[in-house]
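The points move from one residue to its surroundings, and then to the chain as a whole.

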Amino acid sequence: MENYRATIKEINEEQEKTRNFEMFNDGGIVYIPKKTGAITVVGDIHGDSLTVEQIINKTGFIENMEEGDRSQILVFMGDYVDRGPAEKRVMEILLELKKRYPKNVFLMGADHVTTEGKVNPQSFPQTIKSGYDTEEHGIKIFGKYVKIFGLMPSLVVCGNGLVISHGGICAETIPQGLLSLRRNFRAFYQMQWADPDPGLTQGIGGNGDRIESGSDEEALNAGLILYSEEALRSFLGKIGGKVMIRGHQVSSEVRGGKPNSFSTNILWTIHSTGKGSSESYYGKMGREKDPCFAQFGMDESITEIDPNKHIKKVWL
Ligand SMILES: [Mn+2]
């Protein structure tokens with residue numbers, strides 16, 4: 001069955017017409033309908049199980065599942081492993097949540113949950129391979145993780161106009177909006193690695209910061225991109241989205257030095273591990289000072305991100 005239309009608006013209209021308000025997960029894209037309840041978006045975790053537990057407790061997610069109406073949605077934007085000390089425990093918590101509440105929990109793919117050797121430092125393969133009774137057992141479990149990672153969606157779009165992507169937009173042209181993105185693994189790769197750049201007046205550029213040679217041209221050819229506010233606006237327009245939540249960077253290390261360095265709040269960078277957690281690699285290095293998560297009403301009409309309303313600190 002073909003669930004997708006080109007834009008969020010067209011999916012909303014189709015659901016309205018058929019009176020079938022279901023979420024769906026197909027071709028690497030998840031659609032979450034406009035309905036009652038809150039959606040929580042969590043950014044990079046990097047082996048910090050205390051932060052995962054804190055966010056679950058703070059949002060009352062388990063209570064909402066077990067005693068409530070199961071109206072809450074929890075989206076993790078990827079980068080669960082590497083760097084922090086509790087990467088095995090983080091994956092066990094997240095997979096248990098997904099298993100128990102498959103329609104309410106979404107685990108997205110990202111650069112640290114792809115194949116071996118692309119990210120640095122990368123501790124997860126070794127942690128799993130040597131983390132069980134025998135090495136053979138560990139290698140078998142790691143193989144299962146590789147399969148699970150391959151199944152993770154790369155884009156979440158919501159009926160309220162919220163778009164969630166690990167890094168941001170793609171360099172590929174998408175004339176048919178969401179239809180052009182379905183199973184588009186080249187675009188997904190770019191979306192997982194992309195960073196915003198307020199210095200670009202339009203379009204996209206290559207992100208030389210993310211390769212060893214530092215050449216922007218080589219980076220662009222490799223799909224490692226920077227995007228302008230204009231390019232983000234165009235991408236959102238093509239799929240009918242209003243705002244984007246993304247992770248992938250420490251919030252103060254986004255170009256421009258702020259979680260959103262563009263002229264309007266159509267983008268916000270969420271980094272959920274940092275100061276406040278003894279398991280945070282970043283907190284120890286004094287990097288992410290205000291770890292946060294985002295929360296929106298699913299039936300809210302969103303035009304811009306309001307940091308006072310939509311961005312919540314993990315530890316305060
Ligand atoms: Mn990342």
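**Note on the predicted model**

1. Phe296 is buried: 22 other C-beta atoms lie within 10 Å of its own, and a residue counts as buried because 20 or more such atoms are found within that distance. The structure under review is a predicted model, and the values below should be read accordingly.

2. Phe296 belongs to strand S13, which covers residues 292–297. When residues up to four places away in sequence are set aside, Phe296 touches Ala38, Ile39, Asn160, Leu162, Ile302 and His310.

3. How many residues lie between Phe296 and Gly43 along the chain, and what separates their C-alpha atoms? The two are 253 residues apart in sequence, and their C-alpha atoms are separated by 15 Å.

4. Met77 is one of the residues with the most contacts inside the largest nonpolar core, which has 79 residues.

5. A separate point concerns an open sheet of three strands, whose order is S8-S10-S9 and whose pairing is mixed. Strands S8 (195–196) and S9 (204–206) are at the edges; each has a single partner strand, so one side of each is left without a neighbour in the sheet.

6. Where S8 meets strand S10 (residues 225–227), two bridges join them, and the two strands run parallel. Within S10, Leu226 is the bridge partner of Asp195.

7. As to the chain as a whole, the model contains twelve helices and 14 strands. Of its 316 residues, 45% count as buried. Among contacts between residues at least 6 apart in sequence, 68% join residues at least 24 apart.

8. Does the chain have the radius of gyration of a compact globule, or what value does it show instead? A compact globule of 316 residues would have a radius of gyration near 20 Å, and the 19 Å of this chain agrees with that. Taken along the principal axes, the C-alpha atoms fill a box of roughly 55 × 55 × 40 Å.

Technical notes. Residues numbered from 1 in each chain as written. Predicted model: local features only at pLDDT ≥ 70, side-chain atom pairs only at ≥ 80, totals over all residues. Pairing = 2+ DSSP bridges. Helix = DSSP H or I, 4+ residues; strand = E, 2+ residues; numbered from the N terminus. Core = buried A, V, L, I, M, F, W, Y, C linked by C-beta atoms within 7 Å. Buried ≥ 20, exposed ≤ 12 C-beta atoms within 10 Å, placed from the backbone. Rg over C-alpha atoms; globule rule 2.2 N^0.38 Å. Contact = placed C-beta atoms within 7 Å.
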